[in-house]
Amino acid sequence: MQKNILLFGFLLIPVLLLLMFVLYPLIELVRISFTDWNGMAAQQVYIGFDNYIKMFTDSSDVWLSLRNNGIYFIFHLIMIPLELAIAVLLDSKIRASKFFKSIIFMPYIINGVAISYIFAFFYSPINGGLNGILEALGLESLIQNWLTNDSIVNISLVFVSIWRFSGFHVILFLAGLQSIPQDQFESAKIDGANSIQNFWYIIVPGIKKVLEVILFLNIVGALQVFDIPYIMTQGGPGHASSTFTLYTLETAFKFNSFGMASAMGITMLILIIILNGVQNRLFNLKGVGEE
């Protein structure tokens with residue numbers, strides 16, 4: 001009896017906090033998404049699924065924002081093999097490996113706002129570092145307005161995101177590599193396995209869980225990216241670099257359409273659940289290198 005009372009006492013506060021700050025706001029978000037509430041009016045008129053229908057039929061900016069989110073996802077996905085290769089290299093016995101691990105991880109611990117301002121100056125057409133480097137190398141033909149050219153602005157922003165988060169992925173891969181028992185590599189060496197076979201049949205299955213985590217973070221991060229485009233371009237030029245989260249906040253606080261913004265928030269949650277479910281199904285299939 002005392003044990004049950006003790007457990008109840010320890011769980012009471014976390015459960016109450018979960019209900020107050022997670023479950024209740026989620027229920028309210030779902031409810032408001034079926035209204036035309038503007039954020040200030042006392043009355044909230046229920047309009048059914050109108051917000052969800054209008055989101056995808058009356059606004060091309062939603063599709064543009066989702067496309068921009070997709071660019072972040074694809075480029076981070078392309079970077080995963082390189083991040084794994086860097087982790088494998090750092091896991092080997094190379095000189096100053098601890099120093100390189102610290103350097104690679106450092107961008108992740110820097111404040112995102114500070115990073116955005118630094119790269120905004122780096123991309124600046126007036127005394128910007130990137131154009132200065134190109135000019136010094138005699139590549140004046142490549143000089144661009146990196147943040148105002150709608151054909152390259154998203155690539156410029158994605159580079160900042162990659163610079164910020166790739167080091168974190170490398171550290172996660174390192175943790176996965178160091179969890180693989182060394183006797184597997186020793187047994188493979190005795191059996192005459194080469195480096196490629198070690199990588200495909202030992203390393204890849206051994207870091208499968210870490211890869212799942214990184215892909216999930218990639219999905220969530222790509223859909224929720226906000227600070228980099230907001231600070232560096234405010235979604236411009238026009239809406240060329242706007243993301244789904246940025247457009248959702250604009251819908252709520254700029255256009256005073258909290259009902260539509262709530263519907264967009266629920267849509268993002270559903271997208272994350274669906275994409276994560278697809279990922280889990282793919283990883284539950286027969287894995288690479290598994291017998």
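Q: How many aromatic pairs are there by this rule, and what makes two rings a pair?
A: Rings of Phe, Tyr and Trp (for Trp, its six-membered ring) are paired if their centres lie within 6.5 Å. By this rule, the count comes to 17 aromatic pairs.

Q: Why is the pair of F49 and Y52 called tilted?
A: The ring centres of F49 and Y52 are 6.1 Å apart, with 55° between the planes. Planes under 30 degrees apart count as stacked, over 60 as edge-to-face and the rest as tilted, so 55° makes this pair tilted.

Q: What makes F119 and F122 an edge-to-face pair?
A: The angle does: there are 80° between the planes of F119 and F122, and their centres are 5.9 Å apart. An angle of 80° is over 60, so the pair counts as edge-to-face.

Q: Why give both a distance and an angle?
A: Because a pair of aromatic rings is described by the distance of the centres and the angle of the planes.

Q: What kind of model is this, and how are its values computed?
A: This is a predicted model, in which local features need pLDDT of at least 70 and side-chain atom pairs count only at pLDDT 80 or more, while totals for chains, interfaces and linings use all residues. Residues are numbered from 1 along each chain as its sequence is written, and side-chain values use heavy atoms, leaving out hydrogens and water.

Q: Are F49 and Y52 buried or exposed, and how do you know?
A: Buried means under 20% relative accessible area, exposed means over 50%, and partly exposed is in between (1.4 Å probe, protein chains only). F49 has 55%, so it is exposed, whereas Y52 has 16%, so it is buried.

Q: How far apart are F119 and F122 along helix α5?
A: They are 3 residues apart in α5 (residues 112-122), which means a separation of about one helical turn. Ring pairs also link F119 and F122 with Y123, W146, F159 and W163 into a cluster.

Q: What makes a stretch of the chain a helix, and how many does the chain have?
A: Helices (H or I, at least four residues) and strands (E, at least two) are DSSP runs, numbered from the N terminus. The chain has 13 helices and 0 strands.

Q: How do you know that α10 has close to its expected span?
A: The expected span of a helix is 1.5 Å times one less than its number of residues. For the 17 residues of α10, 24 Å is expected, and the helix reaches 24 Å from its first C-alpha to its last.

Q: Why is E212 called buried?
A: E212, found in helix α10 (residues 208-224), has a relative accessible area of 15%, so it is buried. Others among the buried residues of α10 are V210, I214 and L215.

Q: Which residues is E212 in contact with, and what does contact mean?
A: Contact means heavy atoms within 4.5 Å. Leaving aside its neighbours within four places in sequence, E212 is in contact with Q279, N280 and F283. What covers the buried residues of α10 includes α3 (60-91), α7 (153-178), α12 (244-253) and α13 (258-284).

Q: Is V213 buried or partly exposed?
A: V213, which is also in α10, has a relative accessibility of 42%, so it counts as partly exposed.

Q: What makes N127 and Q234 worth a look?
A: Neither is a glycine, yet phi is positive in each: about 60° for N127 and near 55° for Q234. N127 lies in the loop between α5 and α6 (129-136), and at 67% relative accessible area it is exposed. Q234 is in the loop between α11 and α12, and its 48% makes it partly exposed.

Q: Where is there a cis peptide bond?
A: A cis peptide bond joins G236 and P237, with omega about -5°. P237 lies in the loop between α11 (227-232) and α12.

Q: How much of the chain is buried?
A: Buried residues make up 35% of its 291 residues.
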